[in-house]
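Trainee: I would like to learn how to read helix packing and nonpolar cores. Can we work through an example?

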Amino acid sequence: MNIDMIRSAAMRLKGHALRTPLLNSAFLDEIAGRRVWIKPECLQHTGSFKFRGAYSALSALDPDTRANGVIAFSSGNHAQGVALAAKMHGTSAVIVMPSDAPQLKIINTRAYGAEVVLYDRETESRDEIGALLSAERGLTLVKPFDEPQVIAGQGTCGLEIAEDANAMGITNADVVVCCGGGGLTAGIALALEADAPTLRVRPAEPAGFDDVARSLRSGQIESNATKSGSICDAIITQQPGDLTFPILKRLCGPALVVSDDETLDAMAQAFLRLKLVAEPGGAAALAAALYRRDEIESDDVIVTISGGNVDPAMFTRALERL
């Protein structure tokens, strides 16, 4: 992985991905005790940053390989990103999704034209299902985070953060990123290393699924004991990626861990103050900025709202906390 791959991905994404802004609210600043800048990737195509990595990966494939179709594993956001990217490239996509994924994400993935194969994440192996389908149909696997071209695509988000921070005179800040397997976090960290080295990336994770936080503390990859049990479905992974973790270890500061209740509160505040719809996994970084203020030192904090694909019932649950 290197900055040239991220810059090349940015060129391929130009005119296809949306350039999201940095937003600010004085109300959020007051809660956090510092200036909070929001990178709303919930406004990206498919409602998530995942479109960046998916389009980057598909656009980098050999045309003949791409024409055979692709397969992906996802609880929803990578699924939708790959489904739309495949549709835009005129090829097919098969998405292996856990049966307990939010219904909105399953419905949307099918609406983008993908074939959805559901599995039980507690009793079935998505890897075995995917390997069988790949072998039968000649499909190319597009990994959700541990794939160079996916990381490169997510890194384009970091290029935009660096450019906007420079334009706004933000020279020292923690950049808090919602983190599952680490694709977005690693991509942003690589981009900032090149274009804004005084900005430090901090992963944000849900309590009980803080494998990145524990891995950064121990210096080696740590796993989660369970595969489900948090409302932050979008960022629940078994462990950091083999490609992403060395990048996180080298470039990131300590991770921040938030509770489900804090995440719901952050979702409500994002809607109330910025009129943004965030899903739980997409609001973890904002929750960390608002409710982990003693663990952040800089006067400015930049946070990703990485996705907005939330079921109405869950969003209502968040708003009822206001």
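Trainee: Is the crossing of H8 and H9 left-handed or right-handed?

Mentor: First, the ground rules. This is a predicted model, where local features need pLDDT of at least 70, side-chain atom pairs count only at pLDDT 80 or more, and totals for chains, interfaces and linings use all residues. Residues are numbered from 1 along each chain as its sequence is written, and side-chain values use heavy atoms, without hydrogens and water. H8 and H9 cross in a right-handed way, a term for the near helix being turned clockwise from the far one by less than a right angle.

Trainee: At what angle do H8 and H9 pack?

Mentor: Two packed helices are described by the angle between their axes and the distance between the axes. Here H8 (residues 148-167) and H9 (residues 183-195) pack at about 45°, with axes 7 Å apart.

Trainee: Which residues of H8 and H9 make the contact?

Mentor: Contact means heavy atoms within 4.5 Å. Among them are Ile151, Cys157 and Ala162 of H8, and Leu184, Ile188 and Asp195 of H9. The contact residues divide into 10 nonpolar, 5 polar and 1 charged.

Trainee: How many residues has the largest nonpolar core?

Mentor: In soluble globular proteins, nonpolar side chains tend to be buried together. A core joins buried residues (under 20% relative accessible area, 1.4 Å probe) through side-chain atoms within 4.5 Å. The largest has 35 residues. H13 gives the largest share, 8 residues. Leu286 touches residues including Leu28, Ile38 and Val303.

How values were computed. Axes are lines fitted to C-alpha atoms, for helices over the stretch in contact, and angles run from 0 to 180 degrees between N-to-C directions. Helices (H or I, at least four residues) and strands (E, at least two) are DSSP runs, numbered from the N terminus. Ala, Val, Leu, Ile, Met, Phe, Trp, Tyr, Cys and Pro count as nonpolar, Asp, Glu, Lys and Arg as charged, and the others, Gly among them, as polar. Buried means under 20% relative accessible area, exposed over 50%, partly exposed in between (1.4 Å probe, protein chains only). Lists of a residue's contacts leave out its neighbours within four places in sequence.
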